[in-house]
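Look at the model below and pick out a strand and a pair of helices. The text after it takes them in turn.

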Amino acid sequence: MFYTESGMSESAYQAYNEQRPARLLFLCDHASNAVPAELDHLGLSAADFTRHIAYDIGAAELTRALADLWAAPALLARWSRLVVDLNRGNDDPTLVMKLSDGRVIPGNRDLDRNGIEDRIMRYHAPYHDTLAATISNALAAGIVPVLVSVHSFTPLWRGQARPWHAGVLWDRDGRLALPLLERLRREPDIVVGDNEPYSGELENDTLYRHGTMNGLPHVLIEVRQDLIADRAGVESWAKRLKQVLGDGIKDMGTPDIRFTRPLAVFSGGSQMDEKTRTELEAAAFRRLVAHLRTRTDVQNIDLMNLAGFCRNCLGDWYREAAATKGITLEKDQAREIVYGMPPAEWKTRYQKDASAEAKAAFSTSHKTHS
């Protein structure tokens, strides 16, 4: 929720199917053409809000239809992109548009940085905070969520017809985007754009922030607006995308954590190159393993109850990473790298009987780990 001077106001986002597990999580950053009452329509006419400058036409309906077909949760924007663009970083100059497709936005025209920060606090941050919390909760439950962002684009741009029926946008993580592109290209009646009509390489956009920076599989799907402008079009494209997305996810394989860009650094810090990032992450992993080897008093069940992972998890993640490089490790071989000895020997030396309280906490929060 966000707050106004008069107290609590309406939510800055719309959660849909929120009780469903977030194995597949649909996002719609430009779902709405609504404006909070306190902004007085931004000085625009009702007709302005029927245009693409205000929202992605048909995208919200398509997002909800896909969420229903997949029995999956979705998070949608409650307010127009003219209020604040959820698919932009906080420092992006297009975060609050003062001119959009030739139309001056009176309510934004004279907005200073303090006004923009207020928009971020009220209408931008709650959406991204909720998305971050949803991802965090899924990971804590042992789920690596797949993020699918749904957008739409205009058939014409600056007088030129766009040839694509749909586009697949992606940055450096192509594990879902590439099989999805391949599957869509097999559809005989459509033209599909690869990073068209826009590029997926927009730093600090929604998928960069929550997908790339978390190492999660993700993709952005664009559908031309005239194809989803009515209910029949939405239903048709929802069914089509249900099938091709399912095929793409199957071809992708089991979702896991993979980083394709340097991790974010503190404000004012220098961006690190890929080699340096890998070396630092490896050093941090080695130090964590060394620390755990000395703390034999800390039991795996304590780690699971407190942090949602244990020594066994680290070994399993190591094994999975090795498999991506064609290196086969047995489960106990990988775990021995973490334990510093065969797991059975560690259990004999250091494992204690868990208390009834610890067992109860584990049984209510986690699946059994072996």
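This is a predicted model: local features need pLDDT of at least 70, side-chain atom pairs count only at pLDDT 80 or more; totals for chains, interfaces and linings use all residues.

Begin with strand S8, which covers residues 146-153. This strand is mostly covered, with eight of its eight residues buried. In a regular strand, side chains alternate between the two faces of the sheet. In S8, Val146, Val148, Val150 and Ser152 point one way, while Leu147, Ser149, His151 and Phe153 point the other way. The residues on both sides are all buried.

Now turn to the strands that pair with S8. One of them is S4, residues 24-28, which pairs with S8 in the parallel sense over four bridges. Here Phe26 stands opposite Val148 of S8. Another partner is S13, residues 218-224, which runs parallel to S8 and is joined to it by seven bridges. In this pairing, Leu147 has His218 of S13 as its bridge partner.

The helix contact comes next. Two packed helices are described by the angle between their axes and the distance between the axes. For helix H4 (residues 177-185) and helix H6 (residues 231-252), the axes come within 8 Å and cross at roughly 135°. Because of that angle, H4 counts as oblique to H6. The crossing of H4 past H6 is right-handed.

Which residues of H4 meet H6? They are Pro179, Leu180, Arg183 and Leu184. On the H6 side, the residues they meet are Leu241, Gln243, Val244, Leu245, Asp247, Gly248, Asp251 and Met252. The residues of this contact between H4 and H6 divide into seven nonpolar, two polar and three charged.

Terms used. Residues are numbered from 1 along each chain as its sequence is written. Side-chain values use heavy atoms; hydrogens and water are left out. Buried means under 20% relative accessible area, exposed over 50%, partly exposed in between (1.4 Å probe, protein chains only). Helices (H or I, at least four residues) and strands (E, at least two) are DSSP runs, numbered from the N terminus. Two strands pair if DSSP finds at least two bridges between them. Axes are lines fitted to C-alpha atoms, for helices over the stretch in contact, and angles run from 0 to 180 degrees between N-to-C directions. Angles under 35 degrees count as roughly parallel, over 145 as roughly antiparallel, 65 to 115 as roughly perpendicular and the rest as oblique. A crossing is left-handed if the near helix is turned anticlockwise from the far one by less than a right angle, and right-handed if clockwise. Contact means heavy atoms within 4.5 Å. Ala, Val, Leu, Ile, Met, Phe, Trp, Tyr, Cys and Pro count as nonpolar, Asp, Glu, Lys and Arg as charged, and the others, Gly among them, as polar.
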